[in-house]
Amino acid sequence: STEGVLPKTAYEIIRDRDGLSVSYESFKRFARERSLGRKDRKLMIRIEMPPGIETQIDYGKAGLHHDPASGRNRVVYAFCGILSHSRLPFIQFVYTQEQKSFVGSIVDMFEYYGGATTTLAMDNLKSGVIKPDIWDPKLNKSCAEMAEHYRVFIDPCRVATPTDKGKIERFVGPARELFRKLKKLHPTADIHELNREAIKWCREEYGRREHGTI
């Protein structure tokens, strides 16, 4: 594959697949000496939410995957959700962003979390929002019915303003890295197997990390 990965992901792949015995610190020094590290990020103001108030969702293009059903390589998108308070993430790899898949991923996310937050912050995705408007957005019928059923307020972000959902924007990159890592560790896995591994990673690895507010 020609898809690149970050040094930490490369270390985890080589460690798990090939039995690399050196520490990550040694591998990191190796990467820094060859300028393989991540570029510095811009600083942003962090806005925190109380528990149960907000989930942020977004899609990110993850890469290509061989689909056994069609016998060809297909583009995979990562549907990502993150609880704004605890940062517990949800990832589901999908082949399409169409309306049925979009609502289905949200329902799967609520089942994973064991409930729904008061609000759902998201982009003005065509699969969810027909007409963007900061005061009165028009939602697709299935999206509106889903929100009514779960008693969730859909809060579309302002157009071309990714900082309105900065937590999930920053998480799309790790979700893409996870997809590339799982493909290398499980080269024959179908998308359902990759999703099972992704949920395990969300719960047992990323979900156990501490962040600056909890």
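## The β1–β2 hairpin

In the hairpin of β1 and β2, four residues lie between the strands, and Gly-71 among the hairpin residues takes a positive phi near 75°. The model described here is a predicted one. Strand β1 covers residues 54-67, and strand β2 covers residues 72-83. The two strands run antiparallel and are joined by 12 bridges. Within this pairing, Tyr-59 has Phe-79 of β2 as its bridge partner.

β1 also pairs with strand β4 (residues 119-122), here in the parallel sense and over three bridges. Gln-56 stands opposite Ala-121 of β4. Of the 14 residues of β1, 11 are buried, so the strand is largely enclosed by the rest of the structure.

His-65 has its place in strand β1. His-65 counts as buried because its relative accessibility is 6%, the cut-off for burial being under 20%. A polar atom of the His-65 side chain lies 2.9 Å from the backbone oxygen of Ala-189.

Leaving aside residues up to four places away in sequence, His-65 touches Arg-72, Asn-73, Arg-74, Val-76, Tyr-95, Phe-179, Lys-183, Ala-189, Asp-190, Ile-191 and Leu-194. One of these, Arg-74, also meets Asp-67 in a salt bridge between side chains, at 3.1 Å from N to O. Asp-67 is buried, with a relative accessible area of 7%, whereas Arg-74 counts as partly exposed at 24% relative accessibility.

## The nonpolar core

The largest nonpolar core comprises 44 residues. The residues with the most contacts inside this core are Ile-91, Phe-93, Phe-102, Ile-106, Met-109 and Phe-171. At least two core residues come from each of β1, β2, β3 (89-94), α3 (99-113), β4, α4 (141-150), α5 (166-185) and α6 (191-204). The greatest contribution is that of α3, which gives seven residues.

Ile-91 illustrates the contacts in this region. With residues up to four places away in sequence not counted, Ile-91 touches Phe-79, Phe-171, Ala-175, Leu-178, Asn-195, Ala-198, Ile-199, Trp-201 and Cys-202. Among these, Phe-79 is the bridge partner of Tyr-59, and Phe-171 is one of the residues with the most contacts inside the core.

## The two sides of helix α4

Cys-143, Met-146 and Ala-147 are buried in α4. Viewed down the helix axis, the buried residues of α4 fall within an arc of 95°, so they line one face of the helix. An α-helix has 3.6 residues a turn, so residues three or four places apart point the same way. The buried residues of α4 pack against α3, β4 and β7 (153-156).

On the other side of α4, Lys-141, Glu-148 and His-149 are exposed.

Arg-151 is exposed, with a relative accessible area of 75%.

Arg-87 likewise is not a glycine, yet has a positive phi of about 70°. Arg-87 is placed in the loop between β2 and β3. This residue is buried, its relative accessible area being 10%.

## Salt bridges

Side chains of opposite charge can pair when their charged atoms come close. A search of the whole structure finds six salt bridges. In one of them, the side chains of Lys-181 and Glu-12 meet at 2.8 Å, N to O. This pair links distant parts of the chain, 169 residues apart, with Lys-181 in helix α5 and Glu-12 in helix α1 (residues 7-18). Both partners are enclosed: Lys-181 counts as buried at 7% relative accessibility, and Glu-12 counts as buried at 14%.

A further salt bridge joins Asp-18 to Arg-17, where the closest N and O atoms are 3.3 Å apart. Arg-17 counts as partly exposed at 48% relative accessibility.

Notes
Residues numbered from 1 in each chain as written. Predicted model: local features only at pLDDT ≥ 70, side-chain atom pairs only at ≥ 80, totals over all residues. Heavy atoms only, no water. Buried < 20%, exposed > 50% of the residue type's maximum accessible area, 1.4 Å probe, protein only. Pairing = 2+ DSSP bridges. Core = buried A, V, L, I, M, F, W, Y, C linked by side-chain atoms within 4.5 Å. Contact = heavy atoms within 4.5 Å. Arc of directions from axis to C-beta. Polar contact = N/O pair within 3.5 Å; in protein donor to acceptor, adjacent residues only side chain to side chain. Salt bridge = Lys/Arg side-chain N within 4 Å of Asp/Glu carboxyl O.
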